[in-house]
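Please look over the protein below.

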Amino acid sequence: MTIIVGFIQEFRSEKAIDALMKMTATTCRVLRDNKEQIMETKYLVPGDIILLSPGDKIPADSYIIESYNLETNEAQLTGESLPIEKMQTVLREEIQIQDRKNILYAITTIVNGRGKAVIFETGRNTEIGKITTVVQGITIQKTPFELKIKYIVKLLSLSMLIIVGIVFFISLIRGLPILEVLIWSISLAVAAIPEALPAIITTSLTIGAYRMAKKNALIRRLPAVETLGSTTVICSDKTGTLTKGEMTVKQVYIYDNHFIEVTGVGYNTKGNLLLSSNSTTTINKNDLMLLVKCAVLCNDAKIELHQDEIIKMFGDTTEIALLIFAKKVGIAKDELSSLSPRLREIPFTAERKMMITFHQRSDKKKKEEREYEIFAKGAPEIILNHCNRVLKDGQFLPLTDKIKDHIISINYKMANEGLRVLALATNTTTSNEIQTDKKLIERNINNNNNNFLFLGLVGIIDPPRKEVKDAISQCKNSGINVVMITGDQKNTALAIAKEIGIVNKYETDIEKEAIIVSGQELEKIDFDSFNKENKNKLNNIKIYSRVLPEQKLKIIQTLKNNGHIVAVTGDGVNDAPALKAAHIGVAMGITGTDVAKESSSMILADDNFATIVSAIQEGRRIFDNIKKYLVYLLSANISEILILTFAVVMGWPSPLLAKHILYINLATDGSPAIALSMEPSEPDIMQRKPKNPNEPIFFGVKKWLIPIPIILATVTLLLFWNTLNVNGWDSEYGIAKARTMAFALIVFFELFFAFSCRSFKHNVHKLGFLRNKLLIYSLLGETSLIIFFMNYPPIQEIFDLVPLAFSDWIIVLVLATSGLIYSETIKFFNKDK
């Protein structure tokens, strides 16, 4: 078994590494000996110069030596949801990966611009290579459940050996024949081992995995099914899991105090514009339409619609959000572009921080008097520096310092709410100016920075999934701590966390500092001290922003070291180490990379956080049911040991033969135990706190596990003794009848007790008698089978049974209900506790 487990772990490691290797580019354009050539990436060495253009996958870590509007997608490596601007520059050495604007990383892609870079690291020395090494070095640990089952098996085996040894020794002292002693020993060994247990556990976990798959949670490691129910902390990625992963215009500001809330989320054109309660007056429609016109024309994105449904999208996600916002207003880009065609543009760059487009006016004028429209969008501070007027109710007002300060304060307010804020502005120019050289136009705009008309601000956000807030509330009620780990900035992460309920909306500044930690701050933290001194501080942290892969791994390991059962979500290569190290690694099925999926225990087919909560509920149900059928199975096994041991010590005939014990353990116990594994969730299952991972598997059920076997052994031995007294201790018929009575009593005792094992908290009437139909069918089937066996002569002969009178059946059935009565009584008196 150890060899098989080791092989599986190694195989999964290799599959994760293979997936990583597939993600790297196979060929690239290289400049060698002043000649451009296409080369396989495996031949690249430090010092090679690579040529880059949109769509290229970067083959190795490289320094930028030349760039033109260069942007990369680093989501797979850093978790950053937006394109990253890259440029040739010099930065300080200790800066984080996300902020290294002058470095390109292997497996990331160019989304815009072009450039040249010189390779400085290849293979395992790259950032992705370091992640590969970490993933390879992490071994999948056994789950707490696996360790507990292993402990139970060891305990049962040890107990069996001790009891068999004692019985064997006593039998030899009493002078019994060696053959008889061996038969007794074998009977005890059979009684001690619950033969159906492995099959029932496997069946239970498999059925649980199937039920989870129907809820979009695909299980890759079977023990993870149960471990989910023990989860105490969920470390979730933000983009695409807690949020839709679709940028959306949420708020628009037009001077003076006109706030517009935009309804509808994601890539859907359905939505309305509502005047916010913060607005002091009604809005001028023409002001709004001019702002929308700017948002549409100063935009490189495209969307294709079919009956108002988006079927294709091209371009930057922020610009797509602006086009969808315009469509909600009733403006389509194709129509507007045909009326005001673009003549030229000045693209967005990291230095400029704004985009400018020039358009032919849609109104008709004489050719010699024709003017052209200019539209600009970009960072609010930069746009405001180019404005000397502001639009208010159709009027052009001077942009005074007071007004400018007011707009900047609005910008900060929107940014603190997690919105990505863009400012929009417009201007006009003459035909002579538009025909001049592009560089001259740029120079004129930079020099004359006070001639634009400020139109307003647009706030864009990746909105939360609508079902996430309820899911997080359910987690809190269940005692599960939800932590956000994201590559986004603090303000964005905090705003989303407040909206979905991870963080209280009314946290003070002091509390805010305690609940959110950035990657830079993590670098200064001694993780070992968290294990000893600052456990409460660790539990209070709700958000980790701008974290590196190795930091995410340390967070997970620290939480595990503090006794938490940790579930981690992720989709990128950067998440692979944490996914593999967590108790439950949850990869995204839609946006997740192959590396993330191969490193995970579970895959979300819908990338939805709420699915994790459903899976946790299913995991709790499975653990509850495992505990139920373990108590059910072991109560029979322990009682059998007590019965046989007592009989040996007292010198009685054996109350049960080995074939009786095998039938009870396999047939009578097996079928109801499988049915118990299908028991639906108890009513309060998600109102309980997570179980302590260190608590014994039988915590809370000792009132059943100890008394029930004693009750069953007592009534069986009394019935066996009384039957022998009535029918004779030396009579073959008397011994056969006593064994038949004992066998029937144990079988029906177990069948009645199975009905009570559906819950150790709620009485049967509260659960509903017919809720678990499989158990009903199982009990009826077993009842029919045992009655048939005990009354069909050929089978009676095989099992050494004799027919019972009606009065005997009454005695058996009355005594058989004693376990059910005891169990329901205990639950009744414990219900308030």
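## A buried loop residue

Asp607 counts as buried, because its relative accessibility is 3%. Buried means under 20% relative accessible area, exposed over 50%, and partly exposed in between, with a 1.4 Å probe and protein chains only. Asp607 lies in the loop between β27 (602-604) and α25. Helices (H or I, at least four residues) and strands (E, at least two) are DSSP runs, numbered from the N terminus. Asp607 is not a glycine, yet it has a positive phi of about 55°.

This is a predicted model: local features need pLDDT of at least 70, side-chain atom pairs count only at pLDDT 80 or more, and totals for chains, interfaces and linings use all residues. Residues are numbered from 1 along each chain as its sequence is written, and side-chain values use heavy atoms, with hydrogens and water left out.

## Other backbone spots

Most residues other than glycine have a negative phi, and most peptide bonds are trans. Asn216 is not a glycine, but has a positive phi of about 75°. Asn216 sits in the loop between α6 (197-214) and β8 (217-219). Its relative accessibility is 31%, so Asn216 counts as partly exposed.

Where is there a cis peptide bond? The bond from Tyr255 to Asp256 is cis, with omega near 10°. Asp256 belongs to the loop between β10 (248-254) and β11 (258-262).

## The whole protein

The protein has 35 helices and 27 strands. Of its 833 residues, 53% are buried.

Contact means heavy atoms within 4.5 Å. Take the contacts between residues at least 6 apart in sequence: 72% of them join residues at least 24 apart.

## Helices α25 and α29

How do α25 and α29 cross? Helix α25 covers residues 609-650, and helix α29 covers residues 707-727. Their axes come within 8 Å and cross at roughly 45°. Axes are lines fitted to C-alpha atoms, for helices over the stretch in contact, and angles run from 0 to 180 degrees between N-to-C directions. The two helices α25 and α29 are therefore oblique to each other. Angles under 35 degrees count as roughly parallel, over 145 as roughly antiparallel, 65 to 115 as roughly perpendicular and the rest as oblique.

The crossing of α25 and α29 is right-handed. A crossing is right-handed if the near helix is turned clockwise from the far one by less than a right angle, and left-handed if anticlockwise. On the α25 side, the residues that meet α29 are Ser635, Ile638, Ser639, Leu642, Ile643 and Phe646. Their partners in α29 are Ile708, Pro709, Ile710, Leu712, Ala713, Thr716 and Leu717. The residues of this contact of α25 with α29 divide into 10 nonpolar, three polar and no charged. Ala, Val, Leu, Ile, Met, Phe, Trp, Tyr, Cys and Pro count as nonpolar, Asp, Glu, Lys and Arg as charged, and the others, Gly among them, as polar.

Is Thr716 buried or exposed? Thr716 counts as buried, because its relative accessibility is 0%. This residue is part of helix α29. Its side chain reaches the backbone oxygen of Leu712 at 2.6 Å. Leaving out residues up to four places away in sequence, Thr716 touches Ile643, Ala742, Leu745 and Ile746.

## Helix α26 and its two partners

Helix α26 (residues 658-668) packs with α25 at an angle of about 175°, their axes 11 Å apart. So α25 and α26 are roughly antiparallel to each other. Tyr632, Asn637, Glu640 and Leu644 in α25 meet Ile661, Ile664, Asn665 and Thr668 in α26. By class, the residues of the contact of α25 with α26 are four nonpolar, three polar and one charged.

The other partner is helix α32 (residues 773-791). Here α26 and α32 pack at about 155°, with axes 12 Å apart. That angle makes α26 roughly antiparallel to α32. The crossing of α26 and α32 is right-handed. From α26 come Tyr663, Ala667 and Thr668, and from α32 come Glu782, Leu785, Ile786 and Phe789. The contact of α26 with α32 has five nonpolar, one polar and one charged residues.

## Tyr733

Tyr733 is found in helix α30 (residues 732-756). Its relative accessible area is 44%, so Tyr733 is partly exposed. Not counting residues up to four places away in sequence, Tyr733 touches Asn727 and Val802. Tyr733 and Val802 are 69 residues apart along the chain, and their C-alpha atoms are separated by 8.0 Å.

Notes:
Polar contact = N/O pair within 3.5 Å; in protein donor to acceptor, adjacent residues only side chain to side chain.
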